[in-house]
Amino acid sequence: MLKLTPASQDRQLTRPPTIGLAIAGGGPLGAIYELGALQALEEAIDGVRMHDLDVYVGVSSGSFLTASLANRITTSQMSRIFMSSPEAEFRFQPELFLRPAVREYFDRAMSVPGVVLDILVEAMRHPERIAHLESIESLSRLIPTGIFDNHSIDDFVAGILARPGRSNDFRNLSARLRIVAVDLETGQAVRFGESGRDHVPISTAVQASAALPGLYPPVEIDGHYFVDGALRRTLHASVALKEGADLLIGINPLVPYDAELDPQVPPDGRSSSRMIKGGLPVVLSQTFRSLIQSRMQVGMAKYQTEFPGSSILLVEPNRNDERMFFTNVFSYSSRNELVDHAYRTTRAELLARADAMESFLEPYELGLNRQILRKERSFTEAMAAEKRYLAPMGNSLARSLDQLDRLLRG
């Protein structure tokens, strides 16, 4: 589903347009959808390369992708890594991100004597509270803040960015990269990469932005603890708009499912039954996605007023996309089918709205490649169409050529 919000003010043509990309979170499933959408956009929009933009904003799983793109790693290169392609320059092992948070468990276990002592002291001072279980509240201190160890996220991203021609330092990038997390103590969004927060390694900022409470422990940075950036806002598109983006491309993988829009579902109530039969995870997923969608709609309406000179292209799954909704958010096993589905769906949407897209892109001297959109091809075929820069020298050369081309065009 494409949502086009054209600028309400004419753009000054004295400089090239500033183009930004904001990618939301959504777990492994969200990242897979985003890769498919990115590949489709890369092919379809003439004059835009997703690894050669001006501003990048990433949240949660989206921060993985923006950190790579800002380092001039192409969508196809990332796809080979995350899809475990034999030609990938890194071996991606999902199980690395599911290791138990042993240190967290150990720290909680070490606090048991102190918690028990506090309960005994409380019981002796106020024995009447035991009947109401008030003193048992102290036991909550023994519950770990996360199930899995997220240091592997930092290590994995740092390894990718350690290759020649790349950097794990915000200050060394030619593009502006902002990774959003939430300060646990204040509840406020923090944008790593901005002045005063650009000394933090990019990989550590990604670890913090992806620290989903309950799944991963909060990440300590400079004496503060940070959690998933999506808890505050979904896309944080305003970050890119405040950075001066004239054209912002946003990708949000999480939308609520609407069975009434699905022609495959008969109007006899069976869709509702399926939603209930899915149990608590499905109910929570629909609730969470509905909240996200509500916040997104409010934000988009607000951006039209606050940033009248900016245009926004928002890419989301269709509301009747049963496959995207009923697949577990943390699923990885069905990644090949899902990324191809996202790729083909986005291409179909772009072609169906080709006239509107061309009008939308024209002020930025960009075009839509209808010819390539009319060609039937898979995501695998799209990846194979790009040259594979596997050696470190090839990666460095590719980036240098991109920068030279950018200077010539500017």
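Good morning. A residue is called buried when its relative accessible area is under 20%, exposed when over 50%, and partly exposed in between, using a 1.4 Å probe and protein chains only. The model shown is predicted, so local features need pLDDT of at least 70 and side-chain atom pairs count only at pLDDT 80 or more, while totals for chains, interfaces and linings use all residues. Residues are numbered from 1 along each chain as its sequence is written, and side-chain values use heavy atoms, with hydrogens and water left out.

I begin with histidine 341. This residue is buried, at a relative accessible area of 18%. Helix α12, residues 335–352, contains histidine 341; helices here are DSSP runs of H or I with at least four residues, numbered from the N terminus. Leaving aside residues up to four places away in sequence, histidine 341 touches Asp321, Arg323 and Met324, where contact means heavy atoms within 4.5 Å.

Next, the cavities. A cavity is a set of points, on a 1 Å grid over the protein atoms alone, where a 1.4 Å probe fits but cannot get out; lining residues have an atom within 4 Å of a point. Grid points are joined across faces, edges and corners, and a volume is the space filled by probe spheres set on the points.

The structure holds four cavities of 30 Å³ or more. Which helix gives the most to the lining of the largest cavity? That is α12, with four residues. The lining includes Met1, Tyr33, Asp321 and Ala342.

Thank you.

Technical notes:
Helix = DSSP H or I, 4+ residues; strand = E, 2+ residues; numbered from the N terminus. 1 Å grid on protein atoms, 1.4 Å probe; cavity = no way out; pocket = protein on both sides within 12 Å on 5 of 7 lines; lining within 4 Å.
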